[in-house]
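I am opening a notebook on this model. The entries below record what I looked up, in the order in which I looked.

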Amino acid sequence: MPAERTQERERERERERERSMPRIRLDLPRERRARLLPEYDPEAFGRISERIARFLGTGRFLVWMTLTIIVWVLWNVFAPPSLKFDEYPFIFLTLALSLQASYAAPLILLAQNRQDDRDRVNLEQDRKQNERSIADTEYLTREIAALRMGLGEVATRDWIRSELQDLIKEMDERRDGHREHLEPRDLFPPGGDHRSDVPDR
């Protein structure tokens with residue numbers, strides 16, 4: 001008896017524990033976990049990187065960069081010593097140019113990767129379109145071949161005309177041949193009664 005009571009108590013405790021635990025619902029999406037790193041939209045970041053990469057590859061960027069470096073160097077060479085911010089070895093200019101190059105290279109690579117992805121998708125679509133075009137061309141070729149084979153067995157207008165002309169010539173020749181061999185008396189033999197073939201009504 002005491003063993004049964006302890007088992008019942010354990011079962012009750014299990015039931016209570018199950019009731020107190022939150023149920024996991026499969027028909028609802030999971031709640032988003034908090035992340036330590038900031039979230040960003042990769043598509044928007046990719047578009048911005050493509051814009052920067054396009055600008056870096058223009059002549060306008062080269063002109064502005066050249067003008068900036070010339071003004072920087074001239075200012076730091078000829079300006080009064082109190083207004084100079086980067087002395088002759090131009091360490092700050094070197095640092096700025098290296099930072100610009102270190103950021104430009106990954107942005108250009110990211111833009112190239114996105115362009116490669118677009119090219120891959122376009123090539124796949126072109127390949128599927130070519131496959132459909134080839135299938136359509138093969139189908140049309142088979143249809144045209146079937147029509148040619150069917151037309152080979154069909155009597156054409158010119159063939160029918162030539163056959164009819166041949167028949168007319170042959171009939172004319174036969175008629176002319178019969179006229180030469182037949183005498184008028186052969187057409188109406190003597191001694192026969194010339195009754196009408198049509199019976200009296």
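**Entry: the E50 salt bridges**

I started with E50 and R54, whose side chains meet in a salt bridge at 3.9 Å, N to O. I count a salt bridge when a side-chain nitrogen of Lys or Arg lies within 4 Å of a carboxyl oxygen of Asp or Glu. The model is predicted, so I noted its conditions: local features need pLDDT of at least 70, side-chain atom pairs count only at pLDDT 80 or more, and totals for chains, interfaces and linings use all residues. Residues are numbered from 1 along each chain as its sequence is written, and side-chain values use heavy atoms, with hydrogens and water left out.

E50 and R54 are about one helical turn from each other because they sit four residues apart in helix α2 (residues 42-56). Helices (H or I, at least four residues) and strands (E, at least two) are taken as DSSP runs, numbered from the N terminus.

Is E50 buried or exposed? E50 is buried, because its relative accessibility is 7%. R54 is exposed, because its value is 52%. For these classes, buried means under 20% relative accessible area, exposed over 50%, and partly exposed in between (1.4 Å probe, protein chains only).

I then looked at R118, which also forms a salt bridge with E50, with the closest N and O atoms 2.8 Å apart. This pair links distant parts of the chain: E50 is in helix α2 and R118 in helix α4, 68 residues apart. R118 counts as partly exposed because its relative accessible area is 32%.

**Entry: other salt bridges**

How many salt bridges does the structure hold? The structure holds ten. E124 and R127 are three residues apart in helix α4, about one turn of the helix. E124 is partly exposed because its relative accessibility is 33%; R127 is partly exposed because its value is 39%. Elsewhere, salt bridges with shared partners join E43, E50, R54, R114 and R118 into one network.

**Entry: aromatic pairs**

I pair rings of Phe, Tyr and Trp (its six-membered ring) if their centres lie within 6.5 Å; planes under 30 degrees apart count as stacked, over 60 as edge-to-face and the rest as tilted. The count by this rule is four aromatic pairs. One of them is F55 with F61, edge-to-face, at 5.7 Å centre to centre and 75 degrees between the planes. F55 is partly exposed because its relative accessibility is 37%, whereas F61 is buried because its relative accessible area is 15%.

Next I took W72 and F92, a tilted pair at 5.5 Å centre to centre with 35 degrees between the planes. The pair links distant parts of the chain, with W72 in helix α3 and F92 in helix α4, 20 residues apart. W72 counts as buried because its relative accessibility is 16%. F92 is partly exposed because its value is 43%. Ring pairs link W72, F85 and F92 into a cluster.

**Entry: the nonpolar patch**

Which residues form the nonpolar patch on the surface? W75, L83, F85, F92, L95, L99 and Y103 form it, with about 770 Å² of accessible area together. Patches are made of residues with over 30% relative accessible area and no salt bridge; like charges are joined within 9 Å, nonpolar side chains (Val, Leu, Ile, Met, Phe, Trp, Tyr) within 5 Å. Accessible areas come from the Shrake-Rupley method with a 1.4 Å probe; for residues, only the protein chains shown count as cover. Helix α4 (residues 91-153) gives the largest share of the patch, four residues. L99 lies in helix α4 and is partly exposed because its relative accessibility is 45%.

**Entry: the whole chain**

I counted six helices and zero strands. Buried residues make up 8% of the 201 residues. The accessible surface is about 19,600 Å², of which 59% belongs to carbon and sulfur atoms.

I checked confidence last, using pLDDT, the predictor's confidence in each residue, from 0 to 100. The average is 82, and 84% of the residues score at least 70. Where pLDDT is low, the predicted coordinates should not be read in detail.
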